[in-house]
Every structure is written in C-alpha cells, then in structure tokens.
Amino acid sequence: MSDLLYGEIENDLRASVREVLADKAPWTSVLAGTEKDEPYDAPLWRAVAAQLGCAGLPVPEELGGAGATWRETAVVMEELGRSAAPVPFLGSAVIATAALLAAGERELLPRLAAGERIAVLAVPFGTAPYDVPVTVEDAGGALTGEVAGVADGMAADVLLVPAGDGLYAVDATDARRTAVTSLDMTRRLADLAFSAAPARRVAEGAGAVRAALRTGAAMLASEQLGLAERCLDDTVAYVKTRYQFGRPIGSYQGLKHRLADLWASITQARAVARHAASCVAAGDEDTPIAVAVAQAHCSAVALKAAEECVQMHGGIGFTWEHPAHLFLKRAKADSIALGTPDRHRAALAALVDLPPA
C-alpha cells in the first residue's frame with residue numbers, strides 16, 4: 001500500500017524549493033516573463049535544476065544524480081505548480097529523464113542530472129501515455145518529418161524523437177524550431193521540423209516513450225495539485241480581507257460552501273497524486289491505473305480551483321495585473337496535456353475491464 005504522507009526529507013526539500021521560488025519567481029517576475037521572448041527563465045532553471053540538484057533527483061548516483069525517487073520529484077512539481085514557474089522541469093527533468101532511464105542510456109543522463117543540458121521528448125504536448133504518435137521517419141540515422149506543439153521545444157538542447165521503431169537523440173540545432181503562440185506563456189510550445197537530421201538511437205521500440213509519458217502524467221498530477229492549493233490559499237486569504245456590506249465576503253454562506261467543496265476536492269487530489277507518484281517510484285504494477293485516476297481527477301480539480309480563484313477575486317481577478325490568470329492558463333493547458341481527463345477515464349475503463357455503456 002502506498003504511503004501518502006510526506007516524509008521529513010520531502011518536507012525539507014519542499015521548504016528549500018519554496019524558498020528559492022519565493023526569492024527568484026514571485027508572481028510579478030513570472031508575469032513580466034510572459035511579455036519577453038525568452039522561452040524560459042534561465043536563472044531560475046539554474047537555481048532549481050543545478051544549485052538545488054532537483055534535475056537529478058530520480059537519477060542514480062553513479063550517473064551523477066541524487067539517487068532519490070519520483071516521490072521527491074513530485075514534491076518539486078507541487079512547488080513549481082504553486083508558482084507556475086517558467087522552467088522546463090516537466091519536459092527535461094521528468095519526461096526526458098524518464099525516457100532515458102527506461103532506455104538505459106548513460107551518455108546524456110549525467111548532463112541532464114546536473115542541469116547542464118535540457119532535453120525534451122519531441123511529441124505533441126497533448127499526447128497521452130497510451131498513444132505514441134510517430135510522424136518522423138528514420139532513414140539510416142537521419143530523421144525527416146514534423147512534430148507540432150512540443151512543450152519547451154524552444155528551450156531544448158537535445159530532442160528525443162520517436163521515429164521508425166525507436167527513440168533517437170537529435171541536437172536541437174539540427175531541427176527547425178518555430179515558436180507557437182501558447183495559451184500558457186509560462187510553458188511555451190514549438191513546432192519542430194527535421195530534414196535528414198543526424199540522430200543517435202537511444203532506445204528500441206516504444207517502451208521508453210510510453211514509460212516517459214506515464215511518468216510525466218503522474219508528475220503532472222502533482223503540479224496540478226500544487227497549483228490548486230495555491231489558488232485555494234490565495235482565494236481564502238482574499239475573501240477574509242475583502243469587505244462588502246460591512247463584513248468579509250468570506251463570511252457569506254454561498255462562498256463558504258464553494259470553498260469547502262474545493263478543499264475537499266483538493267484533499268482527494270492530494271491522495272491520488274501521491275498514490276500515482278508512489279506507484280511510479282516503486283515500479284508498482286498498478287501504476288497505469290494510478291496514473292489514469294490521478295490525471296482524470298487532478299486536471300478537473302486544478303481547473304476548477306483556478307476558475308474559483310478568478311471569480312472570487314471579483315474585478316481584480318480578471319485583470320492582467322493580478323496573477324489569477326497565470327494559474328488559470330496553466331491549469332487549462334495542463335488539463336489537455338499528456339491526455340485529457342476523458343482520455344484517461346477511457347483508458348481506466350479498459351484497464352479495469354469495465355464494459356462499455
């Protein structure tokens with residue numbers, strides 16, 4: 001049975017990451033970054049990935065990592081979700097790292113673990129763990145084709161490309177990358193095109209890609225949990241201090257009930273997200289079920305929390321100068337990332353042999 005509680009090491013890690021994010025990624029800085037052309041916040045990435053060592057948490061020590069587990073990585077994801085941090089952690093430190101770990105690759109992993117290089121799995125951001133689209137052809141180690149909507153594609157140094165019957169590493173400079181106008185400007189998308197790009201095979205078959213997407217979906221649930229908690233905390237703090245008709249608006253029963261319902265949903269989200277992270281960390285045979293449940297639930301909860309945050313802040317919540325829209329856009333983008341809730345529910349039904357209606 002999964003241990004859903006946080007250990008002392010996890011709590012210490014959370015405190016360290018939260019302190020760094022409070023210093024280097026207050027919402028004012030995150031908002032200002034959305035108006036710049038940089039694909040990610042490089043100083044923040046160095047602080048989280050290299051100085052704190054978070055990029056190497058799930059990587060074995062002999063490969064330059066911390067030798068921890070995906071549970072610790074999930075804690076980092078929660079904190080990054082709370083800040084809507086504009087760093088390629090999900091793409092590089094989670095999905096790409098998981099793909100290389102599953103492939104047994106030892107050349108690139110040490111540099112990813114050290115935060116020296118950024119790798120991204122070249123699949124559309126909406127790709128579910130149950131679908132591995134192959135739109136790139138391999139001709140003797142030279143790749144040709146296109147991939148649309150790749151998260152953090154502009155930030156990558158290395159692209160991990162599913163092609164033919166394997167997974168290939170391609171230097172990002174050998175691909176044509178086009179920035180895409182993204183709903184969530186804290187995690188930007190790019191279209192990739194390859195024209196006889198030189199590539200090195202790192203895995204055979206689609207197993208490493210599926211493992212990476214499944215791990216990514218589990219960690220994304222933790223990001224959604226952190227985002228939902230931040231929205232609830234900010235909203236509760238606001239309704240305690242915003243007065244209308246001579247009393248705090250949080251004292252009105254209609255808002256109390258909505259916030260109580262949201263708190264209950266987030267508590268459930270914490271349970272399923274922690275269970276998914278624990279299953280991935282342990283290599284549990286129930287991992288596919290746990291991930292499907294976590295994504296089906298956490299996507300909806302994070303989006304609901306962000307919507308309530310905007311609405312309960314009233315007029316100020318609808319303005320560009322308030323951070324609520326950052327969380328709403330991240331929640332909406334996350335809700336269709338790595339498979340929609342409907343896609344995960346359909347997969348869950350098949351996994352537990354539930355007959356169609």
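Which residues have the most contacts inside the largest nonpolar core? In this predicted model, local features were considered at pLDDT of at least 70 and side-chain atom pairs at pLDDT 80 or more, whereas totals for chains, interfaces and linings use all residues. Residues are numbered from 1 along each chain as its sequence is written, and side-chain values rest on heavy atoms, with hydrogens and water left out.

The largest nonpolar core comprises 112 residues, and those with the most contacts inside it are F89, L121, L159, L160, L167 and F194. A nonpolar core denotes a set of buried Ala, Val, Leu, Ile, Met, Phe, Trp, Tyr and Cys residues joined through side-chain atoms within 4.5 Å; buried means under 20% relative accessible area (1.4 Å probe, protein chains only). Helix α7 (residues 207-241) gives the most to this core, with 15 residues. With residues up to four places away in sequence not counted, F194 touches V136, L143, T144, G145, V147, L159, V161, V170 and A175 (contact: heavy atoms within 4.5 Å).

The chain contains eleven helices and ten strands, assigned as DSSP runs (helices, H or I, at least four residues; strands, E, at least two) and numbered from the N terminus. Its radius of gyration, taken over C-alpha atoms, is 20 Å, close to the 21 Å that the globule rule (2.2 Å times the number of residues to the power 0.38) gives for 357 residues, so the chain is as compact as a globular protein of that length. Of the 357 residues, 51% count as buried. Among contacts between residues at least 6 apart in sequence, 76% join residues at least 24 apart.

An unreviewed UniProt entry annotates residues 10-116 as "domain: Acyl-CoA dehydrogenase/oxidase N-terminal"; this span is 62% helix and 0% strand, and its end C-alpha atoms lie 24 Å apart. The annotation "domain: Acyl-CoA dehydrogenase/oxidase C-terminal", also from an unreviewed entry, covers residues 204-350. Residues 204-350 are 77% helix and 3% strand, with end C-alpha atoms 26 Å apart. Such annotations may be inferred rather than shown by experiment.

The axes of helix α4 (residues 70-83) and helix α8 (residues 253-282) come within 8 Å and cross at roughly 145°, where axes are lines fitted to C-alpha atoms over the stretch in contact and angles run from 0 to 180 degrees between N-to-C directions. W70, R71, A74, V75 and E78 of α4 meet R274, A277, S278, V280 and A281 of α8. S83, also placed in helix α4, is buried, with a relative accessible area of 13%. Leaving aside neighbours within four places in sequence, S83 contacts L21, A25, V30, R230 and F327.

Note on methods:
Buried < 20%, exposed > 50% of the residue type's maximum accessible area, 1.4 Å probe, protein only.
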